[in-house]
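Please have a look at the model as it comes up.

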Amino acid sequence: MTKPRRTGQEGPGEDRRGAAAEADVLCDPRFRMLLGGEAWARLPAAVRERFGKRMRPGAAVTYVGEIVESRRAWPGWLLAQLCRLIGGPLPLHDDVGAAAVVTVTEDARSGGQFWTRIYGRADGFPQVIHSSKRFAGPTGLEEYLGCGFGIALTVGADDQALHFHGHHYFLAFGPVRLRLPPWLGTLTISHVDRGDGGFVFVLALRHPLFGDIINQTGLFRERRGQDEEIRR
């Protein structure tokens, strides 16, 4: 893993914090195994680093940034409101310039990851989205959003980004699993490397009848012990 650049003026306390943070990180081959070695090698080194590490129980990795673009057609607005019933996993507002924080922790019970996303708003409380990525199911990767609702994902790569493509939606209640028709649309989430230590997060939902109904773009970088400005 690439270490933060040292200035030569860090105190012993900062050295201890940096060493503790590095001790919390384990090598994680799970995304590489989903992609395959050839596709994994095509990814930028920073993307491989980001998705090739696993946090020890009790530790977390945090990404800070801002939303720079958010658009919803009326079907997207309506779908986001309906999805409040399962925890509100889609953008509920279109505020641009709002602060955003993403935290990833390990789910020791399932062997997956918990993702917590906090999106600031111009007015009112931030929107908080919880989900759980699990390395299971017919595609090898699923994201659970709440109330038994989930998305089976496939993973793709190019020389700039890692892409998560929605394969199908499902409802799971214990051992019972019901595959849903594709009326919600096709979801794609991309993590695009910027070459400066940061990345672009792109969420796109395309409906078979209405076309693009939700698009959201954010700029992020990992927080490594100190606040850093998100470069545009």
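This is a predicted model: local features need pLDDT of at least 70, side-chain atom pairs count only at pLDDT 80 or more; totals for chains, interfaces and linings use all residues.

R71 is partly exposed, with a relative accessible area of 43%, where partly exposed covers the range between buried, under 20% relative accessible area, and exposed, over 50%, using a 1.4 Å probe and protein chains only. Its salt-bridge partner is E69, with the closest N and O atoms 2.0 Å apart, and E69 is likewise partly exposed at a relative accessible area of 32%. By salt bridge I mean a side-chain nitrogen of Lys or Arg within 4 Å of a carboxyl oxygen of Asp or Glu.

Residues are numbered from 1 along each chain as its sequence is written, and side-chain values use heavy atoms, with hydrogens and water left out.

Next, which residue does R72 meet in a salt bridge? The partner is D94, at 3.1 Å from N to O, and the pair links distant parts of the chain, 22 residues apart, with R72 in strand β3 (residues 60–72) and D94 in the loop between α5 (74–82) and β4 (99–107); helices (H or I, at least four residues) and strands (E, at least two) are DSSP runs numbered from the N terminus. R72 is buried at 19%, while D94 is partly exposed at 31%.

Elsewhere, R206 pairs with D212 at 3.0 Å between the closest N and O atoms, and D28, R30, R54 and E106 are linked in a network of salt bridges. Over the whole structure, the search finds 11 salt bridges.
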